[in-house]
Amino acid sequence: MPAAILTPLHDKLRPIAETMVPPIADLDQAAFLKVLALIDARLAGEPPALARQLRLFVKVLTFLPIFFALRTFGGLSPARRLAFLEALQDCPIQKLRVGVWGLRTLIYLGYYTDPAVQAALGYRPYLDGWEGMARDKARQTQGAQP
Amino acid sequence: MSRIDCDVAVIGSGAGGGTVVAALAALARSGKRVILFEKGPKFDRSRFNGREVDMAELLFEAGGSFPVVDRSVTLAFSEGVGGSTQVYTGTSLLPPRRVIEQWNLPGIDHSDLCERAEAFRVQNNAHLLPGADINENNRLFQKGCAALGWDAQQFPVNVKGCKGSSLCNLGCPNDAKMGTQQVQIPAARAAGVELVTRAKVRTVRPGDRGGILDIEISDAPHPHGNIAKSEWEPGRYEVHAHTVVVAGGAVHSPALLLRSGFAPDFPALGRYWTCQPAHILAGEHEKPLTNAIGHPKSFLYDARIAEDRFFVEACMYFPFVTAKNLTGFGPEHYRLLKAYERLQMILVLACDDALPDQRVTIDAAGEPVVHYKLMPPTITALCNATRAAARIFFAAGALAVHAPSARPTLLTRGDRDHIDERICERHFLPGSVSVSAAHLMGGCRMGTATAHSVTTPQGQVHGKPWLYVADASLFPTAIEVNPYLTVMALADHVAQAVLARESH
């Protein structure tokens with residue numbers, strides 16, 4: 001079991017993750033924790049300093065909007081959450097841009113590598129390539145026949 | 001610490017080291033002891049399940065996202081027998097005359113390198129795939145170029161028995177890709193070359209009869225399950241070799257020499273590092289197309305390298321890598337991902353300049369650190385490439401194009417006549433645009449003087465007749481094509497010098 005790096009921040013991360021990947025809003029808590037567990041597993045081999053920076057960055061994203069909107073990130077409307085993150089993504093400070101990029105990449109890692117999600121997107125890999133695709137199509141055609 | 005003696009020790013088993021041991025097979029047959037050390041394990045195809053995270057963690061260092069210091073670029077390079085030839089697409093291009101002539105190195109002749117490269121093309125079964133094996137993603141690239149009057153070139157690819165899984169970058173599950181682990185290393189082993197895996201070379205230093213390697217053999221459990229053990233017992237070894245060939249790639253070769261204390265004698269060590277940074281663009285079509293089946297990379301357009309410093313290639317990546325490479329997040333990003341089976345993809349690559357401050361250093365533990373910044377000419381080249389790719393997408397019939405250096409990032413068909421204005425350097429913000437690189441070069445560059453180079457044009461470290469380098473770290477500048485075949489040609493050239501030394 002990898003060390004819990006982002007999982008303990010699940011309540012703060014959830015609105016950020018839902019803003020970055022809208023269908024995460026449809027995940028129940030167990031499924032969302034599974035996304036975070038995958039991220040934590042990826043981070044397990046990284047230097048402890050990176051984990052600290054990430055946790056700090058999540059807190060910055062959570063509380064920074066208080067200075068502009070008197071609300072934490074989670075208290076903003078979905079549109080304002082998106083606008084806030086987009087502003088940071090395009091801001092002049094490279095470290096902030098990198099932080100947003102890094103966090104969203106980790107969330108993508110946790111979500112888009114799920115085989116069920118990949119299948120829902122239409123990604124159908126076949127280890128045997130063309131043969132596998134032809135076999136699958138033939139099976140579908142047979143299944144469609146009365 | 002156990003002592004081992006050998007004649008030649010080769011460090012690294014990718015395109016460079018794998019080629020060197022094959023060239024030294026005659027030495028092994030004649031009774032000389034040649035040992036190939038590889039930091040990673042030997043994988044077999046049963047491990048290659050095609051799943052993104054599993055394979056990224058198994059085959060790539062840092063999961064394929066090794067960051068440069070300012071985190072504006074991530075680097076993809078592999079470990080394990082075969083090195084990055086395990087995960088390349090096998091595109092087999094000859095070294096370009098223009099670049100080799102610019103190198104202007106005595107003993108490095110373009111026609112000689114091409115002759116060697118051609119021999120490896122034959123050995124590795126590089127050929128043009130027949131039209132029936134070209135998927136729609138690649139055909140659209142060709143179609144777009146043709147509509148623009150641009151000359152798309154077909155890549156020769158080094159596959160044998162390719163089933164079109166399109167999983168080249170995650171390790172071929174069918175052993176169809178003719179990397180060094182499939183061709184050169186088995187031939188060398190059959191001739192008597194020894195292979196020692198899970199062997200990390202900590203330092204290399206001069207000894208009485210050549211070089212001494214301090215090697216650690218690992219038996220640490222791999223995070224991804226059972227991994228073959230090393231051929232040697234775990235522990236520390238001191239390997240005394242008459243000749244040492246360093247071929248750990250453009251990150252690890254300079255790092256090894258740096259932690260071995262060579263820096264004071266070689267101001268260029270680790271420097272002049274290039275990587276041909278790249279990013280992925282996606283064009284959305286009306287109907288689904290075959291993109292995840294078939295060889296992923298069959299065509300390129302490179303006619304504007306000399307003037308505009310870029311080339312573009314058809315490509316296909318997996319959902320997570322695609323998500324990572326599309327700039328931004330939120331509903332628009334997700335909408336594009338949902339269109340995955342309707343996406344055409346193009347990889348744009350910039351030819352970056354070899355500059356002294358772009359370099360590899362080491363941290364306190366001796367591990368490599370890459371200092372690399374996206375310089376303005378590189379950003380301009382990436383933007384020019386993005387403009388060209390956008391034209392290809394639209395000419396191929398795309399409804400919309402995702403361009404990281406445009407705001408908003410989505411271009412619609414109405415933008416076709418405004419591509420130059422929409423795609424702009426000011427929107428290319430390092431750190432928010434996903435840039436990755438797999439063509440890592442330099443750091444031990446060849447040259448004629450120690451002030452600006454580390455090795456001679458024969459790959460021998462200046463003033464160290466026992467020490468050679470034979471990988472992409474030798475390149476004085478970026479090679480401006482997919483580099484593996486040039487690496488092999490150059491490694492073969494270096495191996496001739498090693499053979500000459502061992503024959504005396």
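Biologist: Taking contact to mean heavy atoms within 4.5 Å, which residues is B:Arg98 in contact with, leaving aside its neighbours within four places in sequence?

Modeller: With those neighbours set aside, B:Arg98 touches B:Ile305, B:Ala306 and B:Glu480. A quick caution: this is a predicted model, so local features need pLDDT of at least 70 and side-chain atom pairs count only at pLDDT 80 or more, while totals for chains, interfaces and linings use all residues. Residues are numbered from 1 along each chain as its sequence is written, chains are lettered from A and ligands numbered from 1 in written order, and side-chain values use heavy atoms, without hydrogens or water.

Biologist: Thanks! Where does B:Arg98 sit?

Modeller: You'll find B:Arg98 in helix H4 of chain B, residues 97-103. Helices here are DSSP runs of H or I with at least four residues, numbered from the N terminus.

Biologist: How far is B:Arg98 from B:Ile479 in space?

Modeller: The two are 9.5 Å apart from C-alpha to C-alpha, although 381 residues separate them in sequence.

Biologist: And how accessible is B:Arg98?

Modeller: B:Arg98 has a relative accessible area of 31%, so B:Arg98 is partly exposed. Buried is under 20%, exposed is over 50% and partly exposed is in between, using a 1.4 Å probe and protein chains only.

Biologist: New topic: is B:His252 buried or exposed?

Modeller: B:His252 is buried, at 14% relative accessible area. B:His252 belongs to helix H8 of chain B, residues 249-259.

Biologist: What does B:His252 contact, leaving aside its neighbours within four places in sequence?

Modeller: Apart from those neighbours, B:His252 is in contact with B:Lys39, B:Glu61, B:Phe77 and B:Pro368.

Biologist: Last one, over in chain A: how many residues of H6(A) are buried?

Modeller: In H6(A), 15 of the 19 residues are buried, so this helix is largely enclosed by the rest of the structure.

Notes: Helices (H or I, at least four residues) and strands (E, at least two) are DSSP runs, numbered from the N terminus. Contact means heavy atoms within 4.5 Å.
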